[in-house]
Amino acid sequence: MPRALETISLRSVTVVLTKVESMTHNAMPPEVQQDTPQDGWHRISSRYVWSDLIFNLLWVVVIVAVVAVIVRFSGDEEASNGALIIGGILVAFSILSAFFSFRRMRSIGYQLREDDFLFRRGFMFERIVAVPYGRLQLVDMNRGPIARMLGLATLKFVTASAATGVNLPGLEVAEAEALRDRLVELAETRRSGL
């Protein structure tokens with residue numbers, strides 16, 4: 001084989017291998033990709049899983065209590081059987097939801113880019129929202145009783161568009177306060193240029 005063809009063949013193989021490597025990296029699920037430092041996604045606290053699991057457990061307790069009351073005080077056997085079936089289905093969905101809590105937590109992330117805030121969530125149906133800093137009207141920090149117990153907070157972003165609706169749950173309180181202050185600062189500087 002002539003030397004020129006050998007060089008071209010080696011370059012072609014190198015180019016193909018590079019393309020295959022980049023394609024396989026991009027085809028990886030988001031929860032694996034976000035572990036790499038090059039992607040820039042900030043993740044929420046792993047304690048958010050406990051919040052989600054506690055919430056699911058509370059729903060199961062409420063469902064079981066309602067079913068128990070219906071079965072106990074209903075004189076009708078069909079109503080009791082219907083309540084048991086519906087209650088069983090709801091408990092099964094709650095357990096399934098608890099099973100996916102870990103994947104849901106790993107799919108939530110955010111990026112602070114030059115001109116906008118990028119938010120991502122969802123592992124089956126991924127949603128990515130870009131909120132320009134100049135459009136931010138309010139950054140609200142909420143802490144429910146379970147979140148307070150775990151030292152977590154949720155940031156809610158209000159923009160001129162009602163469809164944006166971004167809630168960033170599971171942030172540690174110090175991180176949420178710092179992010180809120182930074183976003184308010186960026187929003188003020190971007191609005192002043194309009």
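The model I am showing is predicted, and what follows is computed from its atoms.

Let me start with the rings. With a cut-off of 6.5 Å between ring centres, the count is five aromatic pairs. One of them is F55 with W59: the centres are 6.2 Å apart and the planes stand at 85°, so this pair is edge-to-face. The angle is what decides that label, because planes over 60 degrees apart count as edge-to-face.

Where do F55 and W59 lie? Both are in helix α3, residues 48–73, and they are four residues apart, which is about one turn of the helix.

The next pair is F117 with F157. Here the ring centres are 4.8 Å apart and the planes are at 45°, so the pair is tilted. F117 belongs to strand β3, residues 116–121, and F157 to strand β6, residues 152–159, so the pair ties together parts that are 40 residues apart in sequence. As for accessibility, F117 has a relative accessible area of 1% and is therefore buried. F157 comes out at 3%, so it is buried too. The cut-off for buried is under 20%.

There is also a cluster. Which residues form it? They are F99, F100 and F123, in one aromatic cluster.

Now the charges over rings. R72 lies over the face of F73, 5.6 Å from the ring centre. R120 does this with W41, lying over the ring face at 4.2 Å from its centre.

Last, a serine. S101 is in helix α5, which covers residues 101–107. Its relative accessible area is 1%, so S101 is buried. What does the side chain of S101 make a polar contact with? The partner is the side chain of D52, at 2.7 Å. Leaving aside residues up to four places away in sequence, S101 touches V49, D52, L53 and N56.

To recap the two ring pairs: F55 and W59 are edge-to-face, while F117 and F157 are tilted. That is what I have.

Definitions and conventions
Residues numbered from 1 in each chain as written. Predicted model: local features only at pLDDT ≥ 70, side-chain atom pairs only at ≥ 80, totals over all residues. Heavy atoms only, no water. Phe/Tyr/Trp six-rings, centres within 6.5 Å; stacked < 30°, edge-to-face > 60°. Helix = DSSP H or I, 4+ residues; strand = E, 2+ residues; numbered from the N terminus. Buried < 20%, exposed > 50% of the residue type's maximum accessible area, 1.4 Å probe, protein only. Lys NZ or Arg CZ within 6 Å of the ring centre and 35° of its normal. Polar contact = N/O pair within 3.5 Å; in protein donor to acceptor, adjacent residues only side chain to side chain. Contact = heavy atoms within 4.5 Å.
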